[in-house]
Structure formats: C-alpha cells, structure tokens
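Good morning, and thank you for making time for this presentation. I would ask you to look at the structure while I speak.

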Amino acid sequence: MNILFAEDDENLGKMVFHLLQKEYGRVDWVKDGQSAYDYATFTDYDVIILDWMMPELSGLEVCKKLREKGYKGGILFLTAKDSVEDVVEGLDAGADDYLVKPFKFEELVARLRALSRRVDKPFEEVLSAEDLELNLTTHVVKRNGREIELSKKEYELLELLLRNKHQVLPRDIIIERIWGFDTDVTENALDALVKLLRKKVDEPGKPSLIKNVRGVGYKLRDSHGN
C-alpha cells in the first residue's frame with residue numbers, strides 16, 4: 001500500500017512516519033497542506049492520512065480539492081477535533097474515516113487496513129512501461145525478461161516515474177520525493193541519478209525510456225515515443 005502522511009507536528013509526525021514505514025514500506029511524509037496536495041497530484045496514493053490543522057492549506061481544504069480533482073483512494077483524518085459537527089464536516093468534505101488524537105498506532109493500522117478494503121482502488125502489484133516491469137512486492141525489476149539490479153535511489157526514481165508515467169514530473173518534486181524536504185541535493189545530482197538509471201534500464205538501439213523535458217523535469221516515454 002502506497003501512503004501519503006501529512007502532519008506538521010514534528011515529534012508526532014516523525015514517530016508515526018517511522019512506524020508506518022516499518023508496517024507498509026512505501027510512505028511519504030509532508031508537513032503542510034500545499035505539499036500534501038502537490039504530492040497527491042503527482043503520485044497515485046492508495047491512502048492519504050491528513051492532519052486537520054496544517055500550514056498553507058488545512059487538511060479539510062486538501063481533502064475537498066482532491067475529491068474535486070477525482071481522487072478515488074482512501075482519506076483518513078487525524079485530528080484533535082472531536083465534536084460531532086467536526087466529524088460530519090470532515091466526512092462531508094470527502095474523508096472516509098476519522099481518528100481523534102491521541103490514538104494508539106495499532107488503531108491507526110486497523111483503520112488503514114479496513115480503509116484499503118473499502119476503497120474502490122485495487123492494489124497494483126506490478127508497474128510497467130513497454131517491456132519494463134517493476135514488482136512492488138518482490139522489488140524485482142525486469143526488462144524484456146532480463147532482471148536488472150538497481151540501487152535504492154535508482155529503484156525509488158524508477159517507481160516514481162512508473163507511478164506517474166502519463167505526466168511530466170518537475171525536478172523539484174522528484175528531488176523532494178527521493179532525497180527529502182530538507183535536502184541540499186542539487187539538480188546535478190538528479191541528472192546523475194537519471195544517467196545511472198538509463199544505463200541500466202535502456203536497451204541498445206532503442207530510445208531512452210526516460211525523457212528529459214527541458215526546463216521542467218522528467219517523464220517516461222510512451223509507446224508513441226513522446
């Protein structure tokens with residue numbers, strides 16, 4: 001399950017993020033509402049966990065905007081607001097569930113498990129583009145049947161591109177997703193990582209699967225070469 005976790009409280013966020021990583025593996029943590037919306041726009045998450053009160057955009061605003069945009073995955077609110085009116089407002093905004101702080105992590109996991117069963121969004125075990133396949137369960141990458149060994153960063157970049165293969169990913173979004181918010185990594189480091197990944201996944205005599213969109217970022221080349 002691919003999860004986006006939005007929480008601006010540093011201590012709570014760090015604790016829940018690490019526990020979610022141990023439980024599910026694929027988790028992104030953002031600390032404000034605008035970043036939550038941006039990440040959800042560029043990545044197909046199975047479930048999004050939103051704090052209600054966040055800088056820039058509230059969790060409620062993020063939830064409304066995502067549902068208006070057509071997001072079909074599960075949305076769960078984490079909040080200290082516990083009145084009936086608040087619960088109703090959150091559910092009316094498009095949330096599927098509501099967990100009041102403080103909470104036990106075991107309860108959050110149980111809610112996420114139930115939510116993943118309810119939402120009309122089947123889990124993708126294999127991501128693919130042309131004859132390239134990435135298995136999310138085994139982490140095995142193959143092209144035309146040939147197994148490819150990737151480093152952790154190369155794998156993360158390829159998974160990100162495959163999950164968003166129909167759109168261009170801006171450079172700053174890729175850097176944040178691969179290296180984190182507070183990184184001092186430059187665009188040169190991203191270009192170097194792309195070069196290493198191309199060497200491993202591209203095949204001689206064929207155009208590179210990874211297309212550089214000048215001034216914007218990267219995307220996977222589609223079957224028409226675009």
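Let me begin with a term: a nonpolar core is a set of buried Ala, Val, Leu, Ile, Met, Phe, Trp, Tyr and Cys residues whose side-chain atoms join them within 4.5 Å. Please bear in mind that the model before you is predicted.

With that term in hand, which residues have the most contacts inside the largest nonpolar core? They are L157, L158 and I174, in a core of 28 residues. At least two residues each come from β6 (126-129), β7 (132-135), α6 (152-163), α7 (171-179), α8 (187-201) and β12 (217-220). Helix α6 gives the most, with 6 residues. As a general matter, nonpolar side chains in soluble globular proteins tend to be buried together.

Let us consider L158 in particular. Beyond its neighbours within four places in sequence, L158 is in contact with L132, L134, V141, L150, L197 and V201. There is also a second, separate core, which has 23 residues. Among its members are I48, V62, L66 and F77.

I turn now to the strands, and to β12 in particular.

Strand β10, residues 169-170, runs antiparallel to β12 and is joined to it by 2 bridges. Here L169 stands opposite Y218. Strand β11, residues 210-213, also pairs with β12 in the antiparallel sense, over 4 bridges. In that pairing, I210 is opposite L220. Between β11 and β12 lie 3 residues, and the two strands form a hairpin. In its turn, G215 has a positive phi of about 80 degrees.

Elsewhere in the chain there is a parallel pairing. Strands β4 (residues 74-79) and β5 (residues 97-100) pair in this sense over 4 bridges. The bridge partner of L76 in β5 is D97.

Next, the aromatic side chains. The count comes to 5 aromatic pairs. Ring pairs link F5, F17 and W29 into a cluster.

Finally, I come to the backbone. Most residues other than glycine have a negative phi, and most peptide bonds are trans. Which peptide bond is cis? The bond from K101 to P102 is cis, with omega near -10 degrees. P102 is found in the loop between β5 and α5 (105-118).

E130, in the loop between β6 and β7, has a positive phi of about 50 degrees. H139 has a positive phi of about 65 degrees and is found in the loop between β7 and β8 (141-143). H139 has a relative accessible area of 46%, so it counts as partly exposed. Thank you for your attention.

Technical notes:
Residues numbered from 1 in each chain as written. Predicted model: local features only at pLDDT ≥ 70, side-chain atom pairs only at ≥ 80, totals over all residues. Heavy atoms only, no water. Buried < 20%, exposed > 50% of the residue type's maximum accessible area, 1.4 Å probe, protein only. Contact = heavy atoms within 4.5 Å. Phe/Tyr/Trp six-rings, centres within 6.5 Å; stacked < 30°, edge-to-face > 60°. Pairing = 2+ DSSP bridges.
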